[in-house]
Amino acid sequence: MKSTPLSLIAGVVALAAVTGFAALTVPGDDGATEAKAAARLPVERSSLLCPAPSTSDLAETTYTSFTPAAKDGPKDGTAELKAAEALPADEDEPADGKTGDADDKKSDGDNADDADDKAKTDADDKKKAADTKPVVSLKDLGKPVTAETSKSGAPALVGTATDRFAPGWTTQQTTTAAAGGARGLLGVSCTAPDTDFWFPGASTGASRQDYVHLTNPDDTAAVADIELYGAEGPLKSDVGEGITVPARSSVPLLISTLTGEAAENVTVHVTTRSGRVGAVVSAAEDEVGSDWLAASADPAGTQILPGIPADATSVRLVAFAPGEDDADVKVQLLGKNGPFSPAGNDTLHIKSQMTASVDLKNVTRGEPGSLRLTPTDGSRTPVVAALRVVRGTGAKQEVAFIPATGPVGERATVADNRAKGSVLSLTAPGATAKVKVTASAGSEGGEAAVKTYTVKGGTTLEVTPEAPAGLKGGYALTVETESGGPVHAARTLTIPEGGIDMFTVQTLQDDGGTVEVPEAQQDLSVLDD
């Protein structure tokens with residue numbers, strides 16, 4: 001009699017739930033048994049990385065962590081974010097006992113040294129305990145947890161969610177810097193580790209101070225390479241290769257120090273030779289503030305950039321074609337009533353390995369919109385893209401960035417929404433779609449609110465979310481596609497500060513809360529000879 005242990009089957013399911021891939025064959029079947037169908041199961045483990053927020057003494061940062069409510073699933077699990085710096089290795093303990101008469105009697109100086117060493121050890125132990133204590137720790141599904149810091153030089157965070165907290169886990173990092181060269185509202189959705197990132201929209205120009213932050217979540221060092229591309233092609237760099245990111249630590253790199261060439265519009269490409277990292281760019285620009293630039297969606301022939309505010313005074317499109325072929329794309333704004341091409345900028349030619357840009361000025365003209373890039377020649381040459389968006393004029397300008405993003409898919413969430421200042425942008429670049437939007441319970445109280453919206457094909461719908469009843473604290477917004485075509489979404493958060501409407505835009509991406517797990521074609525519990 002042949003049998004396949006149930007532990008093997010459970011192992012395959014667990015592997016798929018963690019990695020998104022698993023294969024199962026029956027012993028003696030020579031691989032003939034294939035998956036007949038794919039069931040979707042919740043992931044069992046998720047990782048997030050948050051960059052170091054700010055070095056300013058005037059900055060205040062809020063972390064908001066959240067996992068959507070679930071009807072069933074595991075009862076256990078954790079979701080914690082901790083400081084990312086590598087912990088010091090344990091020192092060997094001194095051996096007890098005597099080693100000789102000369103060692104039996106120590107001088108007063110030796111005793112003093114021992115006391116100093118003990119004090120240092122105690123301090124190191126306290127620091128180690130502080131470093132391993134979670135900065136943010138989730139308690140319940142469907143209810144966000146927040147933590148705040150105004151500490152200058154606060155560390156990057158490394159986090160893991162398991163079991164019931166893993167599916168859809170998200171964390172938002174929001175920093176308000178009221179003054180200084182990096183003043184602004186800086187928002188970023190903490191990222192999952194990966195091996196390949198594209199950042200069109202960065203700069204090495206004199207008016208910008210852009211840093212790429214690399215954070216390593218693993219227990220071994222990662223090695224990364226950074227390539228820079230300007231309007232004329234690759235920027236020469238002798239120090240962008242072989243960058244070591246130590247275990248469970250973060251490395252910020254000033255992009256302008258990686259090359260001697262100044263370029264206003266730069267595409268940054270981060271890859272790893274070994275290990276994984278989280279990568280994000282912080283951009284500070286003279287006169288217009290600062291914000292985070294998140295990675296663009298992977299190179300594709302069509303790209304959607306959702307959530308351009310209605311009152312944008314300046315919009316710049318930056319795009320890059322990473323392949324060997326040039327790209328010609330059609331540029332369309334998906335407005336409230338339908339798509340149209342900006343006058344004089346209906347197409348954009350993007351040369352291979354060169355960063356292209358075009359100033360679209362106040363393209364929205366008082367109506368919210370999203371940008372759609374599609375190939376003009378049918379070649380579908382893949383591109384990446386991002387928008388630099390400015391609101392306000394003169395001394396009251398404020399900047400934010402919108403990267404190209406994929407659809408919300410089955411479900412996507414953005415955390416840290418306030419009672420006032422949150423606006424949700426929904427765009428359906430193809431067919432009309434219906435989505436369900438859930439405003440979670442507040443971090444300090446309130447009841448969740450649910451509302452359904454229909455987004456007409458080729459349009460952008462901007463809504464002010466219905467806040468939870470009795471809201472106290474911040475809340476999360478979860479968007480779920482119910483029917484129709486794909487929907488792309490972005491959340492704009494606006495906080496007035498010093499007479500300036502500081503703002504930040506975060507795109508919503510499918511949270512990958514479930515994975516496909518193949519079902520075997522036959523009963524594996526008992527197989528007769």
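This is a predicted model: local features need pLDDT of at least 70, side-chain atom pairs count only at pLDDT 80 or more; totals for chains, interfaces and linings use all residues.

Visitor: How many disulfides does a search of the whole structure find?

Guide: In general, a disulfide is a covalent bond between the sulfur atoms of two cysteines. Here the search finds one. It is formed by Cys-50 and Cys-190, whose sulfur atoms lie 2.0 Å apart. The torsion about their S-S bond is about 110 degrees, so the disulfide is right-handed.

Visitor: Which parts of the chain does the pair link?

Guide: The pair links distant parts, 140 residues apart: Cys-50 belongs to strand S2 (residues 45-50), whereas Cys-190 sits in the loop between strand S9 (184-189) and strand S10 (196-202).

Visitor: Are Cys-50 and Cys-190 buried or exposed?

Guide: Both Cys-50 and Cys-190 are buried.

Visitor: What is the order of strands in the open sheet of four?

Guide: The general idea is that strands of a sheet pair through backbone hydrogen bonds, either parallel or antiparallel. In this open sheet the order is S6-S3-S8-S9, and the pairing is antiparallel. Strand S6 (145-149) and S9 each have a single partner strand, so one side of each edge strand is left without a neighbour in the sheet. On average, neighbouring strands are turned by 15 degrees against each other, direction ignored. Between strand S8 (residues 170-177) and S9 there are six bridges, with Gln-172 opposite Ser-189 in S9.

Visitor: Which strands pair with S21?

Guide: Strand S21 (residues 327-334) is mostly covered, with six of its eight residues buried. It pairs antiparallel with strand S23 (residues 347-350) over four bridges, and Asp-328 stands opposite His-349 there. With strand S25 (residues 369-375), S21 forms six antiparallel bridges; the partner of Leu-334 in S25 is Ser-370. Two bridges join S21 to strand S22 (residues 339-340), also antiparallel, and Leu-334 stands opposite Pro-339 in S22. S21 and S22 form a hairpin with four residues between them, where Gly-338 in the turn has a positive phi of about 150 degrees.

Visitor: Which residues touch the most other members of the largest nonpolar core?

Guide: Of its 30 residues, these are Phe-199, Val-212, Leu-214, Ile-226, Leu-228, Val-268 and Val-270. Strand S12 (residues 222-230) gives the most to this core, with four residues. The contacts of Ile-226 include Gly-240, Ile-243, Leu-253 and Leu-258. Apart from this core lies another, of 29 residues, among them Ala-385, Leu-387, Val-389 and Ala-490.

Technical notes. Residues are numbered from 1 along each chain as its sequence is written. Side-chain values use heavy atoms; hydrogens and water are left out. A disulfide is a pair of cysteine sulfur atoms within 2.5 Å. Buried means under 20% relative accessible area, exposed over 50%, partly exposed in between (1.4 Å probe, protein chains only). Two strands pair if DSSP finds at least two bridges between them. Axes are lines fitted to C-alpha atoms, for helices over the stretch in contact, and angles run from 0 to 180 degrees between N-to-C directions. A nonpolar core is a set of buried Ala, Val, Leu, Ile, Met, Phe, Trp, Tyr and Cys residues joined through side-chain atoms within 4.5 Å. Contact means heavy atoms within 4.5 Å. Lists of a residue's contacts leave out its neighbours within four places in sequence.
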